[in-house]
Every structure is written in C-alpha cells, then in structure tokens.
Amino acid sequence: MPSGSSTPGSDSKRQRVLPVPKTVAGLRTFEPDSSIVSDIIPSPNHGERTKGRQPDMIVLHYTGMPDVEGALARLCTAGTEVSAHYVVLEDGRIVQCVPESKRAWHAGVSSWAGEDDINSCSIGIEIINRGHDWGYPEFPLRQIAAVIALCRGIMLRRKVPAHRVLGHSDVAPARKKDPGEKFPWHSLANSGVGHWVTPAPIVRGDSLLLGTISDAVLSMQQALARYGYGVPLNGKYDAATMEVVTAFQRHFRPARLDGIADHSTLSTLQALLASLPADATK
Ligand SMILES: [Zn+2]
C-alpha cells in the first residue's frame, strides 16, 4: 500500500521552485510577449536585429545540459554569449529570457533559404532536455504541449509559415543535432506547427552515398536547397552533403540516421516539396 505522503498526483501539484540564476539580479525585466509565459528571467545576451529584420522563423533547440539550473545559468549569464527568447521546462512551464523584438543568440553559424544571420530572422526556443551527450531522454508530453502552444501563438502573431519552424540541426547541420530524432515533429505538425509528411517506408534498393558523383546527387542537392538547407550544389556526395542528408533524416525520416540517400529519404524529400504551398520556395 502506498503511504500517505506519496499519494498519486501530489508531485504534479507541487511546483518546483524555478532556479533563477544569481547573475540576473539587477537586470531590467520586461513584459512577456506571450500570455502563457510563467516567468521572466532576463538574459543580457542579446542585441538588435540586423537592419530591423522582423522574425518570420522559429528555431527549436534542446539545452543539452545535465540540469535546468545549469541551462538557465548559461543562457542568462553575461559572457557566455548564448541565449534564447524562451525556455520550455519539462513540466511545461515557459520562461522568457529575451524580448521577441531583440536578437537572441541561439543559432550561431547557420543558414536557411539563403540567409545566414538566422538570429536576426528567428525566434529561438530552448527545450530543457539533457540531449545526446547525457542520455537523451524522451520529451514529456506536457513539455511538448507547451512548445506547441507557444509556437502557435508566435506563428499567429508573427505570421510564421509552418515550413519555417525548424530545428537547430536543420540550420546548422555540420555542428548541431538538436532537438534531435526523438523530437516529435509529427505531433507538432498535427497541431499546425511545422511542416511534415509521413516518411516513405524504408525499402531495399539503390542509394546515393558518400563518394557518389552524379546528376542524381546534383538533383538531390537542388531539392534540399529548394527546401532551404545550406548544401553544396556540386553533384558530389561529399561530407557536407552527407551532414545535410543526416540533418534531413533527423527531422523528417528519423527511423534511420545514416546519411545515405536511400529511396525512402529521397521520396520523403520529394513529398515534402510537393506539399509546400506554392509561394514557399524561391
Ligand atoms: Zn541548439
């Protein structure tokens, strides 16, 4: 029999105290941009958006650190040079660290659809998750529900199209894996957040892979670039191309991450492009 002190549900009622980093003392607070923000922890790590560029893109991250305390301290302490507009905790609470009007420093060296100052054109959301280096746990449902609600609000207010809700690994495939292959992009898409199609089944057959030089490689690179990926257009399946294919798989065909453009990968890419709205690509 369970003892009285551990009645079911008691944990969910008890709100953990938010570990506010000491370094934010004295920083000016601000009004949240979203009504579902529960706390403001101001980060000094931000600047102005270049040339007044308004955000029309959302980039999702995981924090990749062992605990919430460390993640919030890193994002909100001067000198680390990193931040995000929002942090979504595992229990679904949403913390805002940088006003949406400002340029948070979350994407680093990255590119999408011909732009390389991704911080100037995006809203960055950090999702608390230990990431690949620390066991990579599943994302709790209530955390995903909060991410969906937050993104839907931003998409409405900022007119962000679904296909411009992306992962850090999409815009920085050579450097980043987050939010990773366990991130439930299909659940987000079911709620209108992000563009997604059911991945084509994995079947036996010919593949393009590292070292291949052909017109087929060039057309695959062109298709990836049309979607938005920063990929070489040289007809060579080089290391950079393989990294982009892996990033594509992590987001859109997570059942196998091998950087090999098999039939399933190429069909999924074609289906994604075919289902984009007509004005979505250049
Ligand atoms: Zn990231």
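## Domains

Domain bounds in this report come from an automatic or database domain assignment. That assignment gives two entries for the protein, domain 1 (17-190) and domain 2 (215-274). The structure is a predicted model.

The centres of domain 1 and domain 2, taken over C-alpha atoms, are separated by 26 Å. Where the two domains meet, domain 1 contributes 12 residues to the contact and domain 2 contributes 12 residues. On the side of domain 1 that touches domain 2, five residues are nonpolar, four are polar and three are charged.

## The nonpolar core

The largest nonpolar core contains 66 residues, and those with the most contacts inside it are Ile58, Val87, Val88, Ile125 and Leu150. Helix H4 (residues 141-158) supplies the largest share of this core, namely seven residues. Both domain 1 (17-190) and domain 2 (215-274) give residues to the core, so the core lies between them.

## Helices H8 and H9

Two packed helices are described by the angle between their axes and the distance between the axes. For helix H8 (residues 239-252) and helix H9 (residues 263-274), the axes come within 11 Å and cross at roughly 70 degrees. Angles of 65 to 115 degrees count as roughly perpendicular, and H8 is therefore roughly perpendicular to H9.

Helix H8 makes the contact through Val245, Phe248, Gln249 and Phe252, while helix H9 makes it through Thr265, Thr268, Leu269 and Leu272. By class, this contact of H8 with H9 has five nonpolar residues, three polar residues and no charged residues.

Met57 lies in the loop between strand S2 (46-47) and strand S3 (58-62). A residue is buried if 20 or more other C-beta atoms lie within 10 Å of its own; Met57, with 24 such neighbours inside 10 Å, therefore counts as buried. Although Met57 and Arg164 are 107 residues apart along the chain, their C-alpha atoms are separated by 4.9 Å. Beyond residues up to four places away in sequence, Met57 touches Cys121, Ser122, Val160, Arg164 and Leu166.

Arg103 is placed in strand S6. This residue is also buried, because 21 other C-beta atoms lie within 10 Å. Arg103 and Cys121 are 18 residues apart in sequence, and the distance between them in space is 8.3 Å, C-alpha to C-alpha. The residues that Arg103 touches, not counting those up to four places away in sequence, are His46, Gly47, Glu48, Arg49, Asn119 and Ser120.

## The loop between H2 and S4

Glu81 is found in the loop between helix H2 (68-76) and strand S4 (86-88). Its phi is positive, at about 65 degrees, although Glu81 is not a glycine. Glu81 counts as exposed because it has 10 C-beta neighbours inside 10 Å.

Val82 is located in the loop between H2 and S4. With 18 C-beta neighbours inside 10 Å, Val82 counts as partly exposed. The C-alpha atoms of Val82 and Pro44 are separated by 9.4 Å, with the two residues 38 residues apart along the chain. Apart from neighbours within four places in sequence, Val82 is in contact with Asn45, Arg74, Leu75, Trp105 and His106.

## Further loop residues

Ala113 has a positive phi of about 50 degrees although it is not a glycine. Its position is in the loop between strand S6 (103-104) and helix H3 (118-121). Ala113 is buried, since 20 other C-beta atoms lie within 10 Å.

Gly26 occupies the loop between helix H1 (10-13) and strand S1 (39-40). With 6 other C-beta atoms within 10 Å, Gly26 is exposed. From C-alpha to C-alpha, Gly26 and Pro42 are 9.7 Å apart in space, and they are 16 residues apart in sequence. Elsewhere, Asp178 and Pro179 are joined by a cis peptide bond, with omega about 0 degrees. Pro179 is found in the loop between helix H5 (168-171) and helix H6 (185-190).

Note on methods. Residues are numbered from 1 along each chain as its sequence is written. This is a predicted model: local features need pLDDT of at least 70, side-chain atom pairs count only at pLDDT 80 or more; totals for chains, interfaces and linings use all residues. A nonpolar core is a set of buried Ala, Val, Leu, Ile, Met, Phe, Trp, Tyr and Cys residues joined through C-beta atoms within 7 Å. A residue is buried if 20 or more other C-beta atoms lie within 10 Å of its own, exposed if 12 or fewer, and partly exposed in between; C-beta atoms are placed from the backbone. Helices (H or I, at least four residues) and strands (E, at least two) are DSSP runs, numbered from the N terminus. Axes are lines fitted to C-alpha atoms, for helices over the stretch in contact, and angles run from 0 to 180 degrees between N-to-C directions. Angles under 35 degrees count as roughly parallel, over 145 as roughly antiparallel, 65 to 115 as roughly perpendicular and the rest as oblique. Two residues are in contact if their C-beta atoms, placed from the backbone, lie within 7 Å. Ala, Val, Leu, Ile, Met, Phe, Trp, Tyr, Cys and Pro count as nonpolar, Asp, Glu, Lys and Arg as charged, and the others, Gly among them, as polar.
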